[in-house]
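Please read the points below with the model open beside them. They begin at the ligand and then move to one of the sheets.

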Amino acid sequence: MSGQDRRAERTVVSPKGLDDDAVDRTVRRRVAVGLENVSVTYGDTVALRDCSFEVARGETVALLGPSGSGKSTALKAIAGFEQVSSGTVTIDGRDVTRLSPAKRGIGIVVQSYALFPHMSVARNVAFGLRSRGADRATIAPRVAEVLGMVGMTEYVDRLPRQLSGGQQQRVAIARALATRPGVVLLDEPLSALDAGMRKDMLGELQRLRSELPDVAMVYVTHDQSEALATADRVAIMRDAKLEALGRTDDLFHRPPTEFTATFLGGADVLPAGSLASSRPVPDGDHGLAVRPWAWRFTRTAPSNGLRVTVEQEQWRGAVRHVTARAVDTGERIGVDVPVLVDPPLKAETLWIEVDPADVMVVPR
Ligand code: ADP
Ligand code: MG
(Lines give C-alpha, C1' and ligand atoms only; values in the text may rest on other atoms or scores of the structure.)
(Ligands and ions follow the chains in the order given, each with its own letter.)
Protein backbone atom coordinates (compact mmCIF):
# COMPACT_ATOMS: atom_id res chain seq x y z
CA MET A 1 0.00 0.00 0.00
CA SER A 2 1.37 3.44 -0.87
CA GLY A 3 1.64 6.16 1.76
CA GLN A 4 -1.10 8.05 0.04
CA ASP A 5 -3.51 5.11 0.12
CA ARG A 6 -2.85 4.66 3.79
CA ARG A 7 -3.62 8.30 4.52
CA ALA A 8 -6.81 8.07 2.53
CA GLU A 9 -7.83 5.03 4.49
CA ARG A 10 -7.24 6.81 7.78
CA THR A 11 -9.29 9.82 6.89
CA VAL A 12 -12.84 9.82 8.15
CA VAL A 13 -14.77 11.00 5.13
CA SER A 14 -18.26 12.35 4.95
CA PRO A 15 -20.65 9.48 4.24
CA LYS A 16 -22.25 11.51 1.47
CA GLY A 17 -21.73 9.98 -1.91
CA LEU A 18 -20.36 6.71 -0.60
CA ASP A 19 -22.21 3.43 -0.72
CA ASP A 20 -22.89 1.61 2.55
CA ASP A 21 -19.98 -0.73 2.12
CA ALA A 22 -17.54 2.10 1.64
CA VAL A 23 -18.86 3.90 4.71
CA ASP A 24 -18.64 0.72 6.69
CA ARG A 25 -15.07 0.11 5.57
CA THR A 26 -14.01 3.65 6.37
CA VAL A 27 -15.53 3.63 9.84
CA ARG A 28 -14.24 0.19 10.63
CA ARG A 29 -10.69 1.10 9.75
CA ARG A 30 -10.65 4.38 11.61
CA VAL A 31 -7.45 4.55 13.60
CA ALA A 32 -8.16 4.72 17.34
CA VAL A 33 -4.60 4.33 18.66
CA GLY A 34 -1.44 5.35 16.86
CA LEU A 35 2.19 4.97 17.87
CA GLU A 36 4.71 6.64 15.63
CA ASN A 37 8.41 5.94 16.25
CA VAL A 38 7.85 5.80 20.00
CA SER A 39 10.83 5.17 22.28
CA VAL A 40 10.83 4.92 26.07
CA THR A 41 13.97 4.81 28.19
CA TYR A 42 14.51 4.16 31.89
CA GLY A 43 17.95 5.59 32.69
CA ASP A 44 20.27 3.57 30.46
CA THR A 45 17.66 0.94 29.58
CA VAL A 46 15.82 1.36 26.30
CA ALA A 47 12.54 -0.35 27.16
CA LEU A 48 10.85 0.48 23.84
CA ARG A 49 12.72 1.33 20.66
CA ASP A 50 11.25 3.19 17.72
CA CYS A 51 7.90 1.45 17.89
CA SER A 52 5.14 2.18 15.35
CA PHE A 53 1.73 0.58 14.97
CA GLU A 54 -1.93 1.47 14.77
CA VAL A 55 -5.10 -0.02 16.22
CA ALA A 56 -8.40 0.58 14.45
CA ARG A 57 -11.74 1.10 16.12
CA GLY A 58 -13.26 -2.26 16.90
CA GLU A 59 -9.94 -4.02 16.49
CA THR A 60 -7.95 -6.03 19.04
CA VAL A 61 -4.18 -6.04 18.67
CA ALA A 62 -2.26 -8.41 20.94
CA LEU A 63 1.27 -7.49 21.99
CA LEU A 64 2.92 -10.88 22.35
CA GLY A 65 6.46 -11.46 23.52
CA PRO A 66 8.66 -12.81 26.28
CA SER A 67 9.06 -11.15 29.66
CA GLY A 68 11.03 -7.91 29.45
CA SER A 69 10.43 -7.38 25.72
CA GLY A 70 8.71 -4.00 26.24
CA LYS A 71 5.02 -4.92 26.09
CA SER A 72 3.94 -3.17 29.28
CA THR A 73 6.09 -0.19 28.37
CA ALA A 74 4.24 0.17 25.06
CA LEU A 75 0.94 0.05 26.95
CA LYS A 76 2.13 2.66 29.47
CA ALA A 77 3.16 4.92 26.60
CA ILE A 78 -0.36 4.69 25.15
CA ALA A 79 -1.96 5.25 28.56
CA GLY A 80 0.37 8.12 29.43
CA PHE A 81 1.84 6.46 32.53
CA GLU A 82 5.32 6.78 31.02
CA GLN A 83 6.72 9.78 29.24
CA VAL A 84 8.03 8.85 25.81
CA SER A 85 11.57 9.98 25.05
CA SER A 86 10.70 10.37 21.37
CA GLY A 87 7.83 9.74 19.01
CA THR A 88 4.12 10.47 18.95
CA VAL A 89 1.06 8.82 20.49
CA THR A 90 -2.36 9.56 19.02
CA ILE A 91 -5.88 8.70 20.15
CA ASP A 92 -8.59 9.11 17.50
CA GLY A 93 -6.16 11.09 15.39
CA ARG A 94 -5.36 13.55 18.16
CA ASP A 95 -1.78 13.94 19.42
CA VAL A 96 -1.92 12.95 23.12
CA THR A 97 1.82 12.55 23.66
CA ARG A 98 1.90 15.25 26.33
CA LEU A 99 -1.61 14.69 27.69
CA SER A 100 -2.16 13.31 31.21
CA PRO A 101 -3.54 9.74 31.50
CA ALA A 102 -6.91 10.92 32.85
CA LYS A 103 -7.55 12.99 29.74
CA ARG A 104 -6.87 10.23 27.20
CA GLY A 105 -10.20 8.41 27.50
CA ILE A 106 -8.66 5.00 28.06
CA GLY A 107 -9.80 2.08 30.21
CA ILE A 108 -7.09 -0.09 31.72
CA VAL A 109 -7.07 -3.60 33.18
CA VAL A 110 -3.90 -4.94 34.79
CA GLN A 111 -2.80 -8.35 36.01
CA SER A 112 -3.03 -7.46 39.71
CA TYR A 113 -6.60 -6.03 39.37
CA ALA A 114 -5.51 -2.89 41.30
CA LEU A 115 -8.93 -2.41 42.91
CA PHE A 116 -9.22 0.06 45.77
CA PRO A 117 -9.26 -2.30 48.79
CA HIS A 118 -11.36 -0.09 51.08
CA MET A 119 -14.08 0.58 48.49
CA SER A 120 -17.06 -1.62 47.67
CA VAL A 121 -17.45 -3.13 44.21
CA ALA A 122 -19.97 -0.42 43.34
CA ARG A 123 -17.67 2.40 44.47
CA ASN A 124 -14.70 0.88 42.62
CA VAL A 125 -16.69 0.73 39.41
CA ALA A 126 -18.09 4.23 39.93
CA PHE A 127 -14.66 5.73 40.57
CA GLY A 128 -13.94 7.02 37.08
CA LEU A 129 -17.43 8.45 36.64
CA ARG A 130 -17.28 10.16 40.02
CA SER A 131 -13.91 11.74 39.36
CA ARG A 132 -15.37 13.18 36.17
CA GLY A 133 -18.11 14.77 38.21
CA ALA A 134 -20.95 12.62 36.91
CA ASP A 135 -24.11 12.86 39.01
CA ARG A 136 -25.78 10.07 40.95
CA ALA A 137 -28.58 9.65 38.45
CA THR A 138 -26.01 8.84 35.76
CA ILE A 139 -23.65 6.77 37.88
CA ALA A 140 -26.02 4.22 39.43
CA PRO A 141 -27.51 2.84 36.20
CA ARG A 142 -24.15 2.78 34.45
CA VAL A 143 -22.54 0.87 37.35
CA ALA A 144 -25.41 -1.62 37.24
CA GLU A 145 -25.04 -1.94 33.48
CA VAL A 146 -21.30 -2.72 33.42
CA LEU A 147 -21.54 -5.04 36.44
CA GLY A 148 -24.26 -6.84 34.49
CA MET A 149 -21.95 -7.13 31.50
CA VAL A 150 -19.38 -9.02 33.58
CA GLY A 151 -21.94 -11.01 35.59
CA MET A 152 -21.19 -9.34 38.93
CA THR A 153 -24.49 -7.61 39.71
CA GLU A 154 -25.08 -9.47 42.95
CA TYR A 155 -21.69 -8.51 44.41
CA VAL A 156 -22.13 -4.70 44.42
CA ASP A 157 -21.69 -4.32 48.18
CA ARG A 158 -18.71 -6.61 48.65
CA LEU A 159 -15.17 -5.45 49.29
CA PRO A 160 -12.44 -6.72 46.92
CA ARG A 161 -10.97 -9.04 49.56
CA GLN A 162 -14.34 -10.81 49.79
CA LEU A 163 -14.05 -11.85 46.13
CA SER A 164 -12.09 -14.54 44.29
CA GLY A 165 -9.34 -13.53 41.87
CA GLY A 166 -11.60 -14.10 38.89
CA GLN A 167 -14.37 -12.02 40.43
CA GLN A 168 -11.93 -9.21 41.24
CA GLN A 169 -10.76 -9.22 37.63
CA ARG A 170 -14.38 -8.97 36.44
CA VAL A 171 -14.84 -5.92 38.66
CA ALA A 172 -11.61 -4.42 37.30
CA ILE A 173 -12.95 -4.92 33.76
CA ALA A 174 -16.28 -3.32 34.70
CA ARG A 175 -14.39 -0.38 36.21
CA ALA A 176 -12.38 0.03 33.01
CA LEU A 177 -15.54 0.05 30.89
CA ALA A 178 -17.68 2.31 33.10
CA THR A 179 -16.68 5.60 31.46
CA ARG A 180 -17.29 4.17 27.94
CA PRO A 181 -13.66 4.52 26.85
CA GLY A 182 -12.91 4.27 23.13
CA VAL A 183 -9.70 2.41 23.94
CA VAL A 184 -9.22 -0.43 26.42
CA LEU A 185 -5.76 -1.66 27.37
CA LEU A 186 -5.32 -5.03 29.05
CA ASP A 187 -1.94 -5.99 30.54
CA GLU A 188 -1.71 -9.75 31.17
CA PRO A 189 -5.28 -9.70 32.52
CA LEU A 190 -5.44 -13.46 33.10
CA SER A 191 -1.94 -14.10 34.46
CA ALA A 192 -2.90 -14.04 38.13
CA LEU A 193 -5.73 -16.56 37.69
CA ASP A 194 -5.55 -20.34 37.98
CA ALA A 195 -5.81 -22.41 34.80
CA GLY A 196 -9.55 -23.16 34.98
CA MET A 197 -10.49 -19.58 35.77
CA ARG A 198 -8.21 -18.35 32.99
CA LYS A 199 -10.13 -20.41 30.44
CA ASP A 200 -13.49 -19.10 31.71
CA MET A 201 -12.30 -15.49 31.68
CA LEU A 202 -10.88 -15.85 28.18
CA GLY A 203 -14.32 -16.93 26.96
CA GLU A 204 -15.84 -14.05 28.90
CA LEU A 205 -13.46 -11.55 27.28
CA GLN A 206 -14.32 -12.88 23.82
CA ARG A 207 -18.02 -12.41 24.56
CA LEU A 208 -17.44 -8.89 25.93
CA ARG A 209 -15.44 -8.03 22.83
CA SER A 210 -18.49 -8.64 20.66
CA GLU A 211 -20.55 -6.34 22.90
CA LEU A 212 -18.09 -3.49 22.34
CA PRO A 213 -17.93 -3.23 18.54
CA ASP A 214 -16.40 0.27 18.49
CA VAL A 215 -13.76 -0.15 21.16
CA ALA A 216 -10.11 -0.53 20.20
CA MET A 217 -8.28 -3.00 22.41
CA VAL A 218 -4.62 -3.67 23.05
CA TYR A 219 -4.07 -6.98 24.81
CA VAL A 220 -0.64 -7.61 26.29
CA THR A 221 0.31 -11.22 26.93
CA HIS A 222 3.27 -13.61 26.91
CA ASP A 223 0.84 -16.46 26.21
CA GLN A 224 0.43 -17.30 22.53
CA SER A 225 -2.93 -19.04 23.02
CA GLU A 226 -4.39 -15.87 24.59
CA ALA A 227 -3.11 -13.82 21.66
CA LEU A 228 -4.55 -16.27 19.12
CA ALA A 229 -7.90 -16.37 20.92
CA THR A 230 -8.39 -12.63 21.35
CA ALA A 231 -6.59 -10.75 18.60
CA ASP A 232 -7.38 -9.66 15.06
CA ARG A 233 -3.73 -8.79 14.63
CA VAL A 234 -0.68 -9.77 16.64
CA ALA A 235 2.42 -7.67 17.29
CA ILE A 236 5.42 -9.77 18.23
CA MET A 237 7.71 -7.93 20.66
CA ARG A 238 11.38 -8.79 21.15
CA ASP A 239 14.15 -6.90 22.95
CA ALA A 240 12.24 -3.58 23.14
CA LYS A 241 11.34 -3.76 19.45
CA LEU A 242 8.37 -4.65 17.33
CA GLU A 243 9.62 -7.76 15.55
CA ALA A 244 6.56 -8.45 13.39
CA LEU A 245 2.96 -7.32 13.04
CA GLY A 246 0.24 -8.97 11.04
CA ARG A 247 -3.16 -10.61 10.93
CA THR A 248 -3.20 -13.43 13.45
CA ASP A 249 -3.64 -16.21 10.88
CA ASP A 250 -1.01 -14.74 8.53
CA LEU A 251 1.59 -14.56 11.28
CA PHE A 252 0.76 -18.08 12.38
CA HIS A 253 0.81 -19.69 8.94
CA ARG A 254 3.45 -17.50 7.30
CA PRO A 255 5.77 -16.28 10.08
CA PRO A 256 7.95 -13.51 8.62
CA THR A 257 10.88 -14.11 10.99
CA GLU A 258 12.49 -17.03 12.76
CA PHE A 259 11.62 -15.57 16.17
CA THR A 260 7.96 -15.28 15.18
CA ALA A 261 7.91 -18.93 14.12
CA THR A 262 9.42 -20.07 17.40
CA PHE A 263 7.36 -17.82 19.69
CA LEU A 264 4.01 -18.20 17.93
CA GLY A 265 3.37 -21.93 17.63
CA GLY A 266 6.62 -23.17 19.13
CA ALA A 267 8.31 -24.16 15.86
CA ASP A 268 11.89 -25.38 15.67
CA VAL A 269 13.92 -23.91 12.84
CA LEU A 270 16.23 -26.23 10.92
CA PRO A 271 19.00 -25.29 8.50
CA ALA A 272 17.87 -24.86 4.89
CA GLY A 273 18.40 -28.05 2.94
CA SER A 274 17.97 -30.40 5.89
CA LEU A 275 14.65 -31.72 4.55
CA ALA A 276 14.27 -33.36 1.14
CA SER A 277 11.12 -31.39 0.23
CA SER A 278 12.86 -28.07 0.72
CA ARG A 279 16.23 -28.64 -0.96
CA PRO A 280 15.52 -26.04 -3.70
CA VAL A 281 15.14 -23.29 -1.07
CA PRO A 282 18.07 -20.84 -1.28
CA ASP A 283 20.73 -21.83 1.22
CA GLY A 284 22.15 -19.79 4.06
CA ASP A 285 19.74 -17.02 4.87
CA HIS A 286 16.65 -19.20 5.22
CA GLY A 287 15.54 -21.74 7.75
CA LEU A 288 12.83 -24.38 7.78
CA ALA A 289 10.31 -23.99 10.59
CA VAL A 290 8.25 -26.97 11.73
CA ARG A 291 5.83 -27.04 14.64
CA PRO A 292 5.91 -29.92 17.16
CA TRP A 293 2.50 -31.26 16.15
CA ALA A 294 3.52 -31.55 12.49
CA TRP A 295 6.15 -34.26 13.08
CA ARG A 296 5.47 -37.99 13.23
CA PHE A 297 7.83 -40.72 14.40
CA THR A 298 8.58 -43.55 11.98
CA ARG A 299 10.78 -46.61 12.22
CA THR A 300 11.77 -46.55 8.57
CA ALA A 301 13.50 -43.79 6.61
CA PRO A 302 10.80 -41.32 5.39
CA SER A 303 10.89 -39.31 2.17
CA ASN A 304 10.83 -36.02 4.08
CA GLY A 305 12.36 -36.29 7.51
CA LEU A 306 15.36 -36.67 9.77
CA ARG A 307 17.12 -39.31 11.81
CA VAL A 308 16.89 -38.42 15.51
CA THR A 309 17.69 -39.66 19.01
CA VAL A 310 15.03 -39.26 21.68
CA GLU A 311 16.35 -37.31 24.67
CA GLN A 312 13.41 -36.47 26.89
CA GLU A 313 9.68 -36.84 27.18
CA GLN A 314 7.20 -34.61 28.98
CA TRP A 315 3.54 -35.41 29.49
CA ARG A 316 1.54 -32.22 28.78
CA GLY A 317 -2.03 -33.41 29.09
CA ALA A 318 -3.37 -33.94 25.57
CA VAL A 319 0.09 -34.65 24.17
CA ARG A 320 3.44 -35.99 25.20
CA HIS A 321 6.14 -33.57 24.17
CA VAL A 322 9.26 -35.40 23.06
CA THR A 323 12.61 -33.68 22.73
CA ALA A 324 14.58 -35.29 19.91
CA ARG A 325 18.06 -34.48 18.62
CA ALA A 326 18.93 -34.63 14.94
CA VAL A 327 21.70 -37.18 14.44
CA ASP A 328 23.29 -35.28 11.52
CA THR A 329 23.17 -31.66 12.67
CA GLY A 330 22.70 -31.89 16.46
CA GLU A 331 19.59 -29.67 16.29
CA ARG A 332 17.06 -30.05 19.12
CA ILE A 333 13.53 -30.66 17.83
CA GLY A 334 10.24 -30.78 19.74
CA VAL A 335 7.75 -33.44 18.66
CA ASP A 336 4.22 -33.72 20.06
CA VAL A 337 2.91 -37.26 20.23
CA PRO A 338 -0.80 -37.85 20.93
CA VAL A 339 -1.19 -39.51 24.35
CA LEU A 340 -2.87 -42.51 22.80
CA VAL A 341 0.28 -43.27 20.82
CA ASP A 342 3.09 -44.98 22.69
CA PRO A 343 5.94 -42.48 22.84
CA PRO A 344 9.30 -43.67 21.55
CA LEU A 345 11.77 -44.85 24.15
CA LYS A 346 14.41 -42.57 25.56
CA ALA A 347 17.77 -42.84 23.80
CA GLU A 348 16.11 -44.73 20.94
CA THR A 349 17.27 -43.70 17.48
CA LEU A 350 14.57 -43.48 14.82
CA TRP A 351 13.09 -41.07 12.29
CA ILE A 352 10.73 -38.15 12.31
CA GLU A 353 8.82 -37.09 9.21
CA VAL A 354 6.77 -34.09 8.19
CA ASP A 355 4.29 -33.32 5.43
CA PRO A 356 6.00 -30.78 3.11
CA ALA A 357 2.88 -28.56 3.45
CA ASP A 358 3.70 -28.15 7.16
CA VAL A 359 7.22 -26.85 6.52
CA MET A 360 7.49 -23.04 6.62
CA VAL A 361 10.42 -21.25 5.02
CA VAL A 362 11.59 -18.34 7.22
CA PRO A 363 14.38 -15.80 6.79
CA ARG A 364 17.11 -16.27 9.37
P1 ADP B 1 7.26 -6.78 29.44
O2 ADP B 1 5.98 -6.13 29.81
O3 ADP B 1 7.34 -7.20 28.00
O4 ADP B 1 7.61 -7.93 30.34
P5 ADP B 1 8.43 -4.24 30.23
O6 ADP B 1 7.85 -3.31 29.25
O7 ADP B 1 7.83 -4.24 31.59
O8 ADP B 1 8.45 -5.72 29.62
O9 ADP B 1 9.97 -3.94 30.42
C10 ADP B 1 10.84 -3.72 29.32
C11 ADP B 1 12.24 -3.44 29.86
O12 ADP B 1 12.25 -2.23 30.61
C13 ADP B 1 12.79 -4.51 30.77
O14 ADP B 1 14.16 -4.64 30.52
C15 ADP B 1 12.54 -3.96 32.15
O16 ADP B 1 13.46 -4.45 33.06
C17 ADP B 1 12.70 -2.47 31.93
N18 ADP B 1 11.87 -1.67 32.84
C19 ADP B 1 10.52 -1.70 32.92
N20 ADP B 1 10.07 -0.82 33.84
C21 ADP B 1 11.16 -0.22 34.36
C22 ADP B 1 11.36 0.80 35.35
N23 ADP B 1 10.34 1.38 35.98
N24 ADP B 1 12.64 1.18 35.61
C25 ADP B 1 13.69 0.61 34.96
N26 ADP B 1 13.56 -0.34 34.03
C27 ADP B 1 12.33 -0.75 33.71
MG1 MG C 1 4.66 -6.65 31.36
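**Notes on the ligand site and a sheet**

1. In this predicted model, a polar backbone atom of Ser69 is 3.1 Å from an oxygen atom of ligand 1. This is a polar contact, a pair of N or O atoms within 3.5 Å; within protein, one must be able to donate a hydrogen and the other to accept it, and residues adjacent in sequence count only if both atoms are side-chain atoms.

2. Side chains also take part. An N or O atom in the side chain of Lys71 lies 2.8 Å from an oxygen atom of ligand 1, and a polar side-chain atom of Ser72 is 2.8 Å from an oxygen atom of ligand 1. Of the 560 Å² of accessible area that ligand 1 has on its own, the protein covers 60% (Shrake-Rupley method, 1.4 Å probe; for residues, only the protein chains shown count as cover).

3. The residues around ligand 1 include Tyr42, Ala47, Pro66 and Thr73, where being near requires a heavy atom within 4 Å. Helix α3 (residues 71-79) gives the most to this shell, with three residues. Helices (H or I, at least four residues) and strands (E, at least two) are DSSP runs, numbered from the N terminus.

4. Now the sheet. Five strands form an open sheet in the order β13-β17-β14-β15-β16, paired antiparallel; two strands pair if DSSP finds at least two bridges between them. Its edge strands, β13 (295-298) and β16 (332-338), each pair on one side only.

5. Five residues separate β15 and β16 in their hairpin, where Gly330 in the turn has a positive phi of about 80°.

6. On confidence: pLDDT is the predictor's confidence in each residue, from 0 to 100. The protein averages 90, and 90% of the residues score at least 70. Over residues 1-18 the pLDDT is below 50, and this stretch has twelve contacts in the model beyond near neighbours in sequence (contact: heavy atoms within 4.5 Å).

7. Residues are numbered from 1 along each chain as its sequence is written, chains are lettered from A and ligands numbered from 1 in the order in which they are written, and side-chain values use heavy atoms, leaving out hydrogens and water. Local features need pLDDT of at least 70, side-chain atom pairs count only at pLDDT 80 or more, and totals for chains, interfaces and linings use all residues.
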